[in-house]
There are 2 protein chains.
Amino acid sequence: MNSEYSIAVHILSLLNRGDGPHSSEYIAGSVGVNPVVVRSVTGRLRRAGLLHTQRGVTGATLTRRADQITLLDVYRAVDAPQSMLKVHQKPNPNCPVGANIQCVLDDVFSQAQAALESRLEQVTLAEITSALHEKAS
Amino acid sequence: MNSEYSIAVHILSLLNRGDGPHSSEYIAGSVGVNPVVVRSVTGRLRRAGLLHTQRGVTGATLTRRADQITLLDVYRAVDAPQSMLKVHQKPNPNCPVGANIQCVLDDVFSQAQAALESRLEQVTLAEITSALHEKAS
DNA sequence: CAGCTTGTAATTATAATACTTACAAGGTTC
DNA sequence: GAACCTTGTAAGTATTATAATTACAAGCTG
């Protein structure tokens, strides 16, 4: 797992403040990464339909209200792995266990992943913003 | 996330068949990794109290019944990360968002992680063994 | 046009993961 | 006890994943 996901949430939180357009360089300063990384993540969010940008013009804008954007939307947008739990790749097909373990684990891991995603779906960007204000005060 | 976790489940599944002692080299053949990796994972499982081994003597034995071992026990045993969702490490402390985003995300990610672990806790090694038999037949 | 922006490909560092070698510690067999 | 197994670990290497950086085309704005 890389940290694109949390970077994406950070970017969206900045946009949700609504205080004028922010360049990728400004955002990069807040996130603590290279501006290219910000533009890359922003690109994914745009392709997922969460925000709008335009070549040459500073800033990005959310395409819908913050309470209509869940952390699961963001998770899917950044192309996060299908399951965070990794199955080893080369079990021996000639062993009864090795031949079937991948299939069995895929099933179990999918269920665990679904539980995690379900929790993410219950949190909106608006709630993140609220929590940030809470902490800041 | 590395694949030690699924390797651990694989090893325990082999032990749970009860068909004689298996050397780390035999197990490695089924799992598809180097014997040293098997011994390393076995070591973690031993330190977590899930199985017993002895230097010089072939094989390992479970310390309790398979229906008393959950996948969460195994997850904890292999020293898996506290949260699979990674927070970016260098947000700008001088920015209202950057200063608090880690804290807020840690909280949300912990909840998602708890949901995942809760699901793992509901699955036992005995059920994995059953599923393997099911597939094999 | 000059100077900014975003979008993206390509390259280089860096870090995480996996593999392998090596060997000590200990058991078993003859 | 000697030869030959085993497990337990440390240390080094290779491979891969991640992040940072460079470079530049495409496009807006004054």
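**Figure 1. The surface near DNA strand D, by residue class.** This surface divides into 6 nonpolar, 14 polar and 6 charged residues. Ala, Val, Leu, Ile, Met, Phe, Trp, Tyr, Cys and Pro count as nonpolar, Asp, Glu, Lys and Arg as charged, and the others, Gly among them, as polar. The model is predicted: local features need pLDDT of at least 70, side-chain atom pairs count only at pLDDT 80 or more, and totals for chains, interfaces and linings use all residues. Residues are numbered from 1 along each chain as its sequence is written, while chains are lettered from A and ligands numbered from 1 in the order in which they are written. Around DNA strand D there are 26 residues, and A:Asn2, A:Ser3, A:Val36, A:Gly56 and B:Thr53 come nearest. A residue is near a strand if its C-beta atom, placed from the backbone, lies within 6 Å of it. Two or more residues each come from H3 of chain A and from helix H2 (24-31), H3 and strand S2 (57-62) of chain B. H3(B) gives the most, with 6 residues. Helices (H or I, at least four residues) and strands (E, at least two) are DSSP runs, numbered from the N terminus.

**Figure 2. The surface near DNA strand C.** DNA strand C is surrounded by 26 residues, of which A:Thr53, B:Asn2, B:Asn34, B:Val36 and B:Gly56 are the closest. With 6 residues, H3(A) gives the most. The classes here are 6 nonpolar, 14 polar and 6 charged.

**Figure 3. Helices H1 and H3 of chain B.** H1(B), residues 4-15, packs against H3(B) at an angle of about 80 degrees, and the axes are 10 Å apart. H1(B) is therefore roughly perpendicular to H3(B); that term covers 65 to 115 degrees, whereas angles under 35 degrees count as roughly parallel, over 145 as roughly antiparallel and the rest as oblique. Axes are lines fitted to C-alpha atoms, for helices over the stretch in contact, and angles run from 0 to 180 degrees between N-to-C directions. On H1(B) the contact uses B:Glu4, B:Ile7, B:Ala8 and B:Ile11, and on H3(B) it uses B:Val37, B:Val38, B:Val41, B:Thr42 and B:Leu45. Two residues are in contact if their C-beta atoms, placed from the backbone, lie within 7 Å. By class, the contact has 7 nonpolar, 1 polar and 1 charged residue.

**Figure 4. Helices H1 and H6 of chain B.** The axes of H1(B) and H6(B), residues 125-136, come within 10 Å and cross at roughly 75 degrees. This makes H1(B) roughly perpendicular to H6(B). B:Val9, B:Leu12 and B:Ser13 of H1(B) meet B:Leu125, B:Ile128, B:Thr129 and B:Leu132 of H6(B). Of these contact residues, 5 are nonpolar, 2 are polar and none is charged.

**Figure 5. The contact of chain A with chain B.** Here 46 residues of chain A are in contact with 47 residues of chain B. On chain A, the elements that give two or more residues are helix H1 (4-15), H2, helix H5 (96-121) and helix H6 (125-136). H5(A) has the largest share, 16 residues. This side of chain A has 29 nonpolar, 13 polar and 4 charged residues.
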